[in-house]
Amino acid sequence: MFIQEVSLNIHGADPDDVYQEMDLLLGLYRQSGQKQGKVETQYTASGRIVALPYTLEVDSLATCYNNDYVNRQLDRLQELTGQAVHIQCMGATGPEPLANVCQCPTTPFYLLHTDYVTLLSPVRCGGCNGSVPLYRLRCGGETSFYSLLSWETNYQSCDSLQMNCTVGERWATRQLSDIHSALSKEGRGLAAELEAVTGVPVYYYLYNYRALSLAKDQQRPCPVCGQPWLLSEPLHDRYDFQCTTDRLISELTSNSH
């Protein structure tokens, strides 16, 4: 992960107007898959507005990854201030900033999966289990990942509720683990759309936290087709179940007894 500095001189312009337009730019960077997370540090100092968003790669905010919405907003800010937005990578967040980012030239499949604490992409590579920057998936006319990121927000909200173990825990756990829940239906639909666009299989991760014995959990069939889906060896030392027919991946419950 990297920290970028996105800044703009605001001499002669209304700071409130520029701040709002800068905030819109950051939102558009997220929808284009270039920025990670919904919140970043944004401040004013010495006649500049500065934001410090997270990105997966050092060049994630490069113009080659911009969509039309981002480019129009950059033009809007330049018209408003008479200055171009300045972008500079400030550095990495750790000693191995690309350790969790996919570098594979091709992938056997993608996996739709997120959780309540991650800033990584909701799409992972099935080959290396690394995070896939969404702008790499921008093909077939795709310019915005608004629907996918909305699902990500919903999933993370449910995951937060079940992890907090107080308000809405049972409801949230059902949303995460029930193949027929609104959250799962939305996610599987988005996975199918992404597969149609990329031509690469896209699997949906189904959360599993049932109070089952290990033996019974291993015998569970795919919840859609009813066929066996237990793998002979865990995929990436984590995923124990995979159904190629219904594009589902899951794991053995940690709530076994």
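Me: Where is Asn129 found?
Reply: In the loop between β6 and α3. Helices and strands here are DSSP runs, numbered from the N terminus (helices: H or I, at least four residues; strands: E, at least two). Keep in mind that this is a predicted model: local features need pLDDT of at least 70, side-chain atom pairs count only at pLDDT 80 or more, and totals for chains, interfaces and linings use all residues. Residue numbers start from 1 along each chain as its sequence is written, and side-chain values use heavy atoms, leaving out hydrogens and water.

Me: What about Arg247, what is its phi?
Reply: Arg247 also has a positive phi, about 55°, and is not a glycine. Arg247 sits in the loop between β9 (239-243) and β10. At 24% relative accessibility, Arg247 is partly exposed.

Me: New topic: sheets. What is the order of the open sheet of four strands?
Reply: The order is β2-β3-β1-β4, with antiparallel pairing. Two strands pair if DSSP finds at least two bridges between them.

Me: Which strands stand at the edges there?
Reply: β2 (36-45) and β4 (86-92). Each has a single partner strand, so one side of each is left without a neighbour in the sheet.

Me: How many bridges join β2 to β3?
Reply: Six, and the two strands run antiparallel. Thr41 has Leu52 in β3 as its bridge partner, and Tyr43 stands opposite Val50. The two strands form a hairpin with two residues between them, and Ser46 in the turn has a positive phi of about 50°.

Me: And how many bridges for β1 and β3?
Reply: Six bridges, also antiparallel. Ile3 has Tyr54 in β3 as its bridge partner.

Me: Let's stay with β1. Is Gln4 buried or exposed?
Reply: Gln4 is buried, with a relative accessible area of 2%. Its place is in β1 (residues 2-9).

Me: Which side chain does the side chain of Gln4 make a polar contact with?
Reply: That of Thr55, at 3.0 Å. A polar contact is a pair of N or O atoms within 3.5 Å; within protein, one must be able to donate a hydrogen and the other to accept it, and residues adjacent in sequence count only if both atoms are side-chain atoms. A polar atom of the Gln4 side chain also lies 3.5 Å from the backbone nitrogen of Cys89.

Me: On to the other sheet. What is the order of the six strands?
Reply: β6-β5-β7-β10-β9-β8, an open sheet with mixed pairing. β6 (123-125) and β8 (230-235) stand at the edges with a single partner strand each, so one side of each is left without a neighbour in the sheet.

Me: In which sense do β7 and β10 pair?
Reply: Parallel, over two bridges. Tyr204 stands opposite Leu248 in β10.

Me: Now helices. At what angle do the axes of α3 and α5 cross?
Reply: At roughly 150°, and the axes come within 10 Å. Axes are lines fitted to C-alpha atoms, for helices over the stretch in contact, and angles run from 0 to 180 degrees between N-to-C directions. The contact (heavy atoms within 4.5 Å) includes Trp151 and Tyr155 of α3 and Leu183 and Leu190 of α5.

Me: And which strands does α5 lie across?
Reply: β5, β6, β7 and β10, running at about 165° to β7. α3 lies across β5 (110-112), β6 and β7, at about 20° to β7.

Me: Last one: where does Val200 lie?
Reply: In the loop between α5 and β7 (202-205). Val200 counts as buried, at 15% relative accessibility. Beyond four places in sequence, Val200 touches Thr107, Pro108, Phe109, Tyr110 and Glu195.

Conventions
Buried means under 20% relative accessible area, exposed over 50%, partly exposed in between (1.4 Å probe, protein chains only).
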